[in-house]
Structure formats: structure tokens, C-alpha cells
Amino acid sequence: NTAWAFAKAGVDAPRVFDTIADAALTRVDDLTAPGLANMAWAFAKAGIDAPQLFDGIADAARSRLDDFSALNLANTAWAFATAGIDSP
């Protein structure tokens, strides 16, 4: 996804990330487990403050934890910790 690519490349594009976060919030329930993990990872890696997006990711992830691989879980946990997000 675009957020992952920008974060991986180290591109400083906060407006792009804001736009992606707004769009993702309306479609977070449509993302796969790897998609949720990658989105969380990308925003944390880029240092983007997006608490509403992280809340949406947490809510969507709860309903499909069985779909997460060990890597998806690890990346999601890392992302939340790195972003300083507490999630129930």
C-alpha cells in the first residue's frame, strides 16, 4: 500500500499520510489482517500521529485476531508501542 511504501522509503509526506488516514478510517473494516498490520506499521514507522486511525485498526483487529499471523501480530504490537498508543 501507499503508506507502507512511503514509510519504507523514508519519504516525509505528512499530508499524504493524513489523506490516507482519512480514507482508511472509512474502509478499515475492509482491510485484511496483513493490511491492518501494514497500515499500523507504516504510520508508526513514519512517525505520523494518527490516534483515530490506530483506534480503528484496533477495533477492526479485535474481530479477526485469528486471521493474524505471528508476524502480523508482532508488527501490529510494535506499531502501537512505537506510536505510543494504548489499546484495550
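A search of the whole structure, which is a predicted model, finds one salt bridge, the term standing for a side-chain nitrogen of Lys or Arg within 4 Å of a carboxyl oxygen of Asp or Glu. The partners are R62 and D59, whose closest N and O atoms are 2.6 Å apart. Both residues belong to helix 4, three residues apart, or about one turn of the helix. Helices (H or I, at least four residues) and strands (E, at least two) are DSSP runs, numbered from the N terminus. R62 counts as partly exposed at 39% relative accessibility, and D59 is partly exposed too, with a relative accessible area of 49%. Here buried means under 20% relative accessible area, exposed means over 50%, and partly exposed lies in between (1.4 Å probe, protein chains only).

As this is a predicted model, local features need pLDDT of at least 70 and side-chain atom pairs count only at pLDDT 80 or more, while totals for chains, interfaces and linings use all residues. Residues are numbered from 1 along each chain as its sequence is written, and side-chain values use heavy atoms, with hydrogens and water left out.

Side chains of opposite charge can pair when their charged atoms come close. R64 sits in the loop between helix 4 (51-62) and helix 5 (70-83). Not counting residues up to four places away in sequence, R64 touches V28, D29, L31, T32 and L36, where contact means heavy atoms within 4.5 Å. Across the protein there are 6 positive and 11 negative side chains, and the centres of the two sets lie 7 Å apart. For this count, Lys and Arg are positive and Asp and Glu negative, with His and the chain ends not counted; each charge is placed at NZ of Lys, CZ of Arg, CG of Asp or CD of Glu.

Turning to the fold, the protein has five helices and zero strands, and from the N terminus on its elements run α-α-α-α-α. The radius of gyration is 12 Å, close to the 12 Å that the globule rule gives for 88 residues, so the protein is as compact as a globular protein of that length. This radius is taken over C-alpha atoms, and the rule is 2.2 Å times the number of residues to the power 0.38. Along the principal axes, the C-alpha atoms fill a box of roughly 35 × 25 × 20 Å. Of the 88 residues, 39% count as buried. Among contacts between residues at least 6 apart in sequence, 67% join residues at least 24 apart. The accessible surface comes to about 5200 Å², of which 53% belongs to carbon and sulfur atoms; the areas come from the Shrake-Rupley method with a 1.4 Å probe.

A44, in helix 3 (residues 33-46), counts as buried at 9% relative accessibility. Leaving aside neighbours within four places in sequence, A44 is in contact with F54, W78, A79, T82 and A83. W4, in helix 1 (residues 2-9), counts as partly exposed at 35% relative accessibility. With neighbours within four places in sequence again set aside, W4 is in contact with N38, W41 and A42. W4 and A21 are 17 residues apart in sequence and 12 Å apart in space, C-alpha to C-alpha.
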